Amino acid sequence: DGRSLPFGERFQVLEERAVGKDVWLKLGEGAPSGRWVRARQDGTVNCARLSQWRELPGRIPDAAFEGQVFPTTGVYTEGYSGSADVCLVSASEEAFWREINLEMLFRDIATATVFEQECGGDQGFMDWAAHYATNVVVFGQLRGQERKRLVVTVGHTPRWRRYLQGRCRGPDVETVRLDISPRQLKECGGLRSMARRLDFAWEEVEFVTGLTFLREHCRWTGADCSRAARERLRALAAGWAGLDPERRARQLSSAFWCLDEALQGQELQVRDSGLLWDLLAPLPFEEAWPLWDAAASVSWLMTREAAAGRLRAVYDQWPTLLPAQRVRQLQSAFRCLEIAFEEGQLPAEDGEVLWRLLWSLPASLAR
């Protein structure tokens, strides 16, 4: 009859027919019972067989949603149901929301999240809040016998270890303000205030990183996580020219801490470590120094090539730095070299660069 099915809706299938390259399904129980829908059209996947993907180990492959466009930004969705025992009630758009959304669709996991262009804004906020609360009740099954566990994903920050599986439940929302978006702050604040009326315990709501959610509920492997983190860094580099300075610093910080969680001590490939240093080097000192300090202490970035590259980046920036900035940057680069070359000798040309920088400092600072 030309009508579309709701996004994320689940249906029972009574019959399946292939007509040329298209696949048709006859639907069972529910309002559209007896209707035929086109599950695949001209190579585009419109419907997924959940039993095929629910328990699949590893990341859902791109072929599963062939022909569909799931952009890395601006993925606007509403809530949908699922048979898994968890419901995602708030998601960080910077913490693999695209990948989590795809995984939930194919693995039959419910979500109450509302991603719209103006979601969480002041205009029409009461209507949005009422819609969101309804989603939590319906898709979290708060009125049913088998309630779902409610989960929030946070952004990639230096505090990611706080949000590993089971470590953070029902926090004071103000204490997680730096790790969630302004929209999530409204969602979580609203949820906590409505907990008694919605008859659930805020203390049981779990806050996790996006990667933790993907590992625990979507069967991602360590290799899947590290590949996704590297892909994110490369995508950031590809779109770097189009970002304003403030977003550059924020996005790079997020990508850095994502790598820190994903790599679990494995070394970053030389290509990607060089890419990271290339993005970090031109940032203004005030925005870059927290990452410089962090970079000097993580084992996954301290390959010898990366440490030498860090020193050369400081050398290139040297004329633009104030004296105090020079000291801090050189201390950071020296720490990188110390870690990377603990059991080796610094190449002569890099040693010469280091001495040039040291000799150019005033004696009072060089000490």
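Predicted model: local features only at pLDDT ≥ 70, side-chain atom pairs only at ≥ 80, totals over all residues.
Which helix holds Glu246? Glu246 sits in helix H7, residues 245-263; helices here are DSSP runs (H or I) of at least four residues and strands are E runs of at least two, numbered from the N terminus. Residues are numbered from 1 along each chain as its sequence is written, and side-chain values use heavy atoms, with hydrogens and water left out.

Let's turn to the sheet. Four strands form an open sheet in the order S1-S2-S3-S4, with antiparallel pairing. Its edge strands, pairing on one side only, are S1 (13-19) and S4 (44-45). Two strands pair if DSSP finds at least two bridges between them.

| Pair | Bridges | Sense |
|---|---|---|
| S1 and S2 | six bridges | antiparallel |
| S2 and S3 | four bridges | antiparallel |
| S3 and S4 | two bridges | antiparallel |

Some partners are handy to look up: Arg17 has Trp24 in S2 as its bridge partner, Leu25 has Val37 in S3, and Arg40 stands opposite Val45 in S4. Two residues separate S1 from S2 in a hairpin, where the turn residue Gly20 has a positive phi of about 65°.

Back to Glu246: this residue counts as exposed because its relative accessibility is 60%, and exposed means over 50% relative accessible area (1.4 Å probe, protein chains only).

Notes
Buried < 20%, exposed > 50% of the residue type's maximum accessible area, 1.4 Å probe, protein only.
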